Each structure stands twice: as structure tokens, then as C-alpha cells.
Amino acid sequence: MTLPLSQIGLNAPAAVQKVGGERSFRRRLMELGLVPGTEVTITKIAPMGDPLEIKVRGSRLSIRQQEASVLMVELPGDHAQVA
Amino acid sequence: MGSTQNTNATPLVVMAGNPNTGKTSLFNHLSGQRSRVGNYPGVTVERKSTSLQLGEIQVELVDLPGCYSLTARSPEEQIAVNTVAGGVRQANPNLVVVVVDATQLIRNLYLLTQLLELQVPCVVALNMIDEMGPQSPDPAVIQQVFGVPCVPTNGRTGQGIQSLKDAIVTALDAGPTPVPEIPYPPALQADIDAVIPSLPPSWRDTEARGRALALWALNSVDGTDELLDIDAELREAVETRATAAAAAQRDIDTEAISARYIWLDEQQEVLCSSAPARSRTESVDSVLLHPVYGFASFLLVMLVIFQALFAGADPLIGLVETAFSWMSEHAIAILPASILTDLFTEGILAGVGSVVVFLPQILLLFLFIGLMEDSGYMSRAAFLMDRIMRAIGLHGRAFVPMMSGFACAVPAIMATRTMERRRDRYLTMMVIPLMSCSARLPVYTLVIATLFPPSNLFGLVPVQGLLMVGMYLFGTIIALVATAVLGRTVLKGQHIPLLMELPPYRMPTFGLVLRRMWERSRLFLSEAGGVILVCTIILWGLLSFPGTTPPPDGATQEEVATWQQTSLEQSYGGQLGKAIEPAIRPLGLDWKIGVGIIGAFAAREVFVSTMGLVYGVGDAADEESMSLREHMTAEVHTDGSPVYTPLAGLSLMVFFALACQCVSTLAVVKRETHGYRWPVFMFVYMTLLAWMASFVVYQGGMLLGLG
């Protein structure tokens, strides 16, 4: 099962499956290390609900909900369930 | 495109690296105290450079703006590839010093990989190893994996600078560097092969460069990019391949970027890289990003900055003013009374004074910005404020410059540099002067105190205080509305989402902060100072010429004041005030106020002293002057009705709140945008806005019978 990053909840590691959205933003995200297969975790949500702080390859990035909703991730254990 | 070989005798060395790697402090350590600040060709991005003596050879060292990669969609991002690979009007560098943050090794080495693919000779400065402790990556291993020299450095202490200099000298003589063998999928290899023939010849002088730049084009060029100097043939070749790839359900960007990361991840085991624990940063963040404590500490920080700019700078500003009036007095005493003396004291000295007077606030604001940037708090502030700023089409980083506008627009506009995107910078600049700055305070005070007697609304709320708060709120609301409107019209840019790094907290290096304060001040003095000086002298001339015969020595104060009054009325400025009267009449204002408005261009608070001259009270009048207030209340139109009705006063305040009555602001906008287009636009839109708002207030009030 894949779902948007915006829906995985706090501190639940997931694997990047596909980065969507506008090209230059998608490219920038991937160049910061969010390529398919990379582990990503939401570590904080800003007090007003937006933006999010995500952890990827040891660094922290701030990304808005709107963009997190087009970044598809896969939760670990999904494969086992499907199988 | 057509890059030029660097045939200059002086080798060109470029410093590149991700943002937040300590690159600037390394550059400063290398350059010592000398560096030049200019611009990259064709774009308004600062280019810092210095000439560096390394033993027997001299090199030109250029600091590249921080970047994560070489791919680009805007001219600003294109600087990186043009500087390292040679673009229009730019020579190929002889060497690139890549500053690598040891705590973010793989992501930093991504940039190095791209540079090596271009066959650019590189030297790695492995920075911030002091933060890594025992798990620090080994420079020797990096050297082995990438085949380039790697020197451990510490930008904080300057450790390793000499070894870095030695490595630069050695590498300048070394041969070509090995190209990493990135496992690009065959389909992408075919795309690269197909694009190479369409590259400009200088971009494919070696096979590796051709391949790397073809891939750069495949990743950067598309129908919506804003890149400069990409010829039609290359665009067409890229678009043909992109269309074919899309039809085959392939994504060229994912293929290229993934392949590099796959290759880097394979090296990871040898490199032994791991990110250090962020436990300290985490515990600080649990307070500073907390829903309650986070906003409370943010408000506290803003309050300290605001108080420092607003009140803390006051004694310094007073000192500057005292120093200049002292100089002026002594000059008058020494020099013979003549028009040249007047030019020197009232034009030039006063003009230099009006430039220098900005320094305290600029220095203070950049002290705080430096501390916030270097500690990592600026990103947190932006993180907290982003949701609010998003509502008006900006992002969190615009908050600090906008808030600084309450103190003074000049340093606030300079502070927009903390924003990465040009559109965001320009949009913020265009609305900052709408925030009521401290120079409007004397004008509000004078008008309110003169026309609105102390009384309480409903017996509770003091009317004077309410009006003052109201003026600040009014300016702020108009600024927010203007941001939303301009952002959707004049400065409508493609929606580029916010993506910001939240670096670990670090102790700021005081020397670096001081250096930035000094650099900003120097740039202000050298590039905006001249314009402000010239404008101040012109304004002085307008208000002093042609002039009338001064009263004899020993004339009473009253006689002097009357002479000043007639002299001003007959001056070009006075005539101009009369000329614009028809335009400001519908706002409830007369020519005398018109003269005040013209005088206020030098600085808004000058309105008060100009009004002192207009009403024959003398030029020493300030907003507390009772005789100035009395004269204003006694002023009547030719039909005998009073000039200063509360409604006219309100109209005047509204005009001052919105009009761009400040040559210094315009001069700084000219400097920051490198041209006359934006300052002219700012002046026109703000003046029109002010006129319309005053018109609505005055005529609306008249219709309601409030006149």
C-alpha cells in the first residue's frame, strides 16, 4: 500500500516510492536525497499544522503539507501484508 | 553559450558547496580582510571574489552562492553551472574547492560527483569534522574513492587553512581528475548520446564534459525554465528526448538522480559516514518549536530586535546627529558667510549626516540577522511563521524583513537578502515601506497632538493613543493586502514550493557576524550613500534658491523666522508646492503642506522642521513645539475656514502612511534590484495608493459631514 507522506503520521519511518509535483521542486527533493527507496520520517509538525519537518538521510527539511501530499511513500511491513 | 578558456595569467579558483557548510567562513579565512563584492553577469546575485597570494602564485578566488546541485531552472541557479563549466562571459575555472559538510557527507558528495562528472579539477575541504567526534569520515578514504585531494578544515578556528592552500597549489598543476562511473540506465545513456551533438562546441570539448552537460541539459531544460543563453537547437533536442521518455513512462530526473545516489550509497560503506546525533538540537527544538513556548520565545526574540532597532539605536542616531550639527556649527563659525558655506553645511554635511544616520540601525539589524542565521534560528522562525505568511503568498523568511520595516525601511530592504528567491525578495521589498517606520512617528505625533485634543472614547480609551495604534495597523493591513495583490499581478511567479533545511543549532562565530555587519554597511555607504547624498543636496537647493536677502546681524529671532518663511515661499520648492496644490487640494491639503511633503523626501521627519519654516516658527521646531502647533491651528484658507481640521489631519496622516516619501528607501531599492525599474514602480504605486486613500478619507469624510 502506498500513501502520501502527509498521511503517515509522526515518527513513522516510510520509504519514498515516487516524488510527485512540479518538476523543479520534485528534482530538488530528489537531489536532497529523497530518491525512491530512501527512508523518510515526519519528525515535527509546525504549531499551526503546516509545514512539516521531515528527516531524510540524517538531515531535516521543512516541507509544506501541500507538497507532502504528492510525495508517495510505502510503509514498512506493507509487503508482508500483501504477501 | 560559448565559454571562454581562462587565458588570463591568473588562475581562477571557485569555491562551491551546499548551503550551511561553513563555506563563507572558509572563504574569509582564505581571503583575509580583502574581498570584492560585485555581481554575476546578467543576474542580481552577489559575487564575492578576492585575489589570493599562494606562495609564488597568485589566484583569483570566487565564492559561489551555496547550492545543492548544478541543475537549474532560473538564471540565479544557472550561475553555478556557468561558473564551474564556463558560460557566457565567464571563463572556465582552473580549480573548484568543494566545501563538504562532514555531518551531511553523502548529500554534500552529490555536488562533488556532479562536478567530477564535468571533469573539473577539484579539491575537497572536509569541514565541520569537529562536530563528528570519533565517527568522523577519513579524508584519506574520500581522496581514494573520488581521486581528488581532501583536506580536513575547520571554518570556525581556521584550522587546516594552510593545508588547503597547499592542496590548491598542488592541484593547479595536477592532471585531469577521474570521472566517477555512475550506473546510468541504458535508456538514459541513449538520451545523453542523442543530445551531445546539439551542445555548443565549447561544452563538448572532451567526451566526459559533453556527457555531463548533455545530462545537465536533460535535467534542466524544459518548456517552463527561465534559463539564459540556451539555444533553440539544444532545447529542441532535449524536448524531443523528454517527450519520448514520457511516452515510455520514464522519468529522466528520477533516473539520473537515483543513479548518482545509488553509486554514492555503494561508497557509503567505505566512507563510514553517519549523521551525528542531534540530541542537543532536538531538545532545543522541543522548546523553540513548541506550540506555546515556541511562539512565546519567537515573540520575545522579535521584541528584542524591534526594541533594539526602535529605541536602542536612538542614542547612536542622536550621537551621529549631534556630531554632524557640531561639525556644521564649527564650519559656519570658521568659514565666511556665503552660498558656498551654506552648500557645505546645509547641503553636503547634512547630506552625509543623513546617510551615516542609517548605520546604527543597519549594524544592529545585521547583528541580529547574523546571529539568527548562523545559529540556525532563522530557519526555525521561518518554520513557525510560514503558515501565516503563506496566506499572503510569501513564506516564513519574509517575516523578519517585514517586521524590521516598522523601524526603518532601509535596513529592512537590505535584509530581504536572506530570501533565496528573487520573486520573494522583490515582493517583500515592494511592500516594506508601507509598514509605518519610526520616521513617520514625529509626523503622526505632530498631527495628532495638534488636531485631536486629549479625550477618551467612551470615557475609557484615549483617542490620541487609539489614533496612533490605528495608523500602525492601517499601514500593516495595507502592506499585507498589497503583498497579496502584487504577488498575484506584477510579481506573479511560478508557484515554487517552500523547501528549507533545518540545520543543527550551532554557536555563531562572532567574527563572521561582525564581518557581515561591516560588509552590509560598506555596501550601503558606497552604493546607496551617493544617491542619498545627491538627492539631499538637490532638495536643499530646491528649498534654498533663489533665496532672499538675509536680515542683518543682530536681528531678532522673529525677524529671522520671518525671513526664512518668505525665503522658503519664494524658493523653487515653495513654487513647486504651489504647483502641486491642485493635486493635493482634493485631499484637504494646501501648498504649505505641499512644501512640507517635498521637504520630507529627504527623510519623513524633515516634514516637521519644514513645517516649522513654512509657518515662520524657525527650523528648530520639533513635533513637541507648542508654537508650531499654535500656528498650525491658526492657519486659515483664503475663505477663512481653518486648514487643519481633524479630517484634513487624518487625510495627511494617511498620505504619509502610504506615500513613498523617502529617497533613501528608493536608493536602497535601486541598489538591491540593480536598476531604476523597481524604485520607479515603487514610487509610482505608493504615491497613487496614498493619493487615492487620502482622497477617499477626505472626500468621504466631507460627504459624511465630518469636515
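Colleague: Which residue is the bridge partner of I63(A) in strand 10 of chain B?

Modeller: L499(B). Keep in mind that this is a predicted model.

Colleague: In which sense do strand 5 of chain A and strand 10 of chain B pair, and over how many bridges?

Modeller: Antiparallel, over 3 bridges. Strand 10 of chain B covers residues 499–501.

Colleague: What sheet does that pairing belong to?

Modeller: An open sheet of 7 strands, with antiparallel pairing. The order is 1(A)-6(A)-2(A)-3(A)-4(A)-5(A)-10(B).

Colleague: Now a pair within chain A. How many bridges join strand 2 and strand 6 of chain A?

Modeller: There are 4 bridges, in the antiparallel sense. Strand 2 of chain A spans residues 14–19, and strand 6 of chain A spans 71–74.

Colleague: Switching to chain B as a whole. How many helices and strands does chain B have?

Modeller: 29 helices and 10 strands. Chain B has 707 residues, and 45% of them count as buried. The C-alpha atoms of chain B fill a box of roughly 90 × 60 × 55 Å along the principal axes.

Colleague: And what share of contacts in chain B join residues at least 24 apart?

Modeller: 71%, among contacts between residues at least 6 apart in sequence.

Colleague: What about domains in chain B?

Modeller: The assignment gives domain 1, residues 12–173, and domain 2, residues 186–271. Their C-alpha centres lie 24 Å apart. In contact are 25 residues of domain 1 and 20 residues of domain 2.

Colleague: Which helices supply at least two residues each on the domain 1 side?

Modeller: Helix 2 (75–85), helix 3 (105–117) and helix 4 (139–146) of chain B. Helix 3 of chain B brings the largest share, 6 residues. By class, the side of domain 1 that touches domain 2 has 15 nonpolar, 8 polar and 2 charged residues.

Colleague: Last topic. At what angle do helix 18 and helix 27 of chain B pack?

Modeller: About 170°, with their axes 10 Å apart. That angle makes helix 18 of chain B roughly antiparallel to helix 27 of chain B. Helix 18 runs over residues 441–451 and helix 27 over 646–658.

Colleague: Which residues meet there?

Modeller: Helix 18 of chain B brings V443(B), Y444(B), V447(B) and L451(B). Helix 27 of chain B brings P646(B), G649(B), L652(B), M653(B) and F656(B). By class, the contact has 8 nonpolar, 1 polar and no charged residues.

Notes:
Residues numbered from 1 in each chain as written. Chains lettered and ligands numbered in written order. Predicted model: local features only at pLDDT ≥ 70, side-chain atom pairs only at ≥ 80, totals over all residues. Axes fitted to C-alpha atoms, helices over the stretch in contact; angles between N-to-C directions. Parallel < 35°, antiparallel > 145°, perpendicular 65-115°, else oblique. Contact = placed C-beta atoms within 7 Å. Nonpolar A, V, L, I, M, F, W, Y, C, P; charged D, E, K, R; others polar. Pairing = 2+ DSSP bridges. Buried ≥ 20, exposed ≤ 12 C-beta atoms within 10 Å, placed from the backbone. Domains from an automatic or database assignment.
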